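Here are my notes on this model, point by point. Please read them with the structure open.

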Amino acid sequence: QVQLVESGGGLVQPGGSLRLSCAASGSDMSSYNMAWYRQAPGKQRESVARIYGGGITNYAESVRGRFTISRDNAKNMVYLQMNSLKPEDTAVYYCTANSRYWGQGTQVTVSS
């Protein structure tokens with residue numbers, strides 16, 4: 001069993017940056033595939049970025065080149081660095097472990 005808590009969301013202007021954090025507890029996350037999803041109002045939840053145990057990453061086309069996912073297994077933390085933010089990035093962002101355990105989400109709003 002893994003508990004996940006996201007943080008770091010907020011209001012930012014287009015072109016700005018935010019760094020989201022996901023803190024895991026209850027189990028060593030080093031063996032888990034970690035990912036960030038997001039869901040905007042009226043839209044389906046979508047995968048944003050994934051990171052596997054060996055450090056391999058994968059990104060949605062819409063965020064590739066702007067977002068970076070990373071992990072610190074020693075700290076049981078996963079991060080999502082978001083740069084060059086666009087209004088269409090506005091959503092609730094969720095952290096997941098193996099697509100089985102989910103956090104409550106953190107709101108990201110990109111608006112001028």
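1. Where does Asn-76 lie? Asn-76 sits in a loop, the one between β7 (67-72) and β8 (77-82). Bear in mind throughout that this is a predicted model.

2. The backbone at Asn-76 deserves a look. Most residues other than glycine have a negative phi. Asn-76 is not a glycine, yet its phi is positive, about 55°. Its relative accessible area is 17%. Buried means under 20%, so Asn-76 counts as buried.

3. Ser-99 also has a positive phi, near 55°, and is a residue other than glycine. Ser-99 is found in the loop between β9 and β10 (101-102). With a relative accessible area of 45%, Ser-99 is partly exposed.

4. Now the cysteines. How many disulfides does the count give? The count is 1 disulfide. The partners are Cys-22 and Cys-95, with sulfur atoms 2.1 Å apart. That separation is within the 2.5 Å cut-off, so the pair qualifies as a disulfide.

5. What does this disulfide tie together? Cys-22 belongs to strand β3 (residues 18-25), and Cys-95 belongs to strand β9 (residues 91-97). The bond therefore ties together parts that are 73 residues apart in sequence.

6. Why is the disulfide of Cys-22 and Cys-95 left-handed? The torsion about its S-S bond is about -80°, and therefore the disulfide is left-handed.

7. Are the two cysteines buried or exposed? Cys-22 is buried, at 1% relative accessibility. Cys-95 is buried too, with a relative accessible area of 0%.

Technical notes. Residues numbered from 1 in each chain as written. Predicted model: local features only at pLDDT ≥ 70, side-chain atom pairs only at ≥ 80, totals over all residues. Heavy atoms only, no water. Helix = DSSP H or I, 4+ residues; strand = E, 2+ residues; numbered from the N terminus. Buried < 20%, exposed > 50% of the residue type's maximum accessible area, 1.4 Å probe, protein only.
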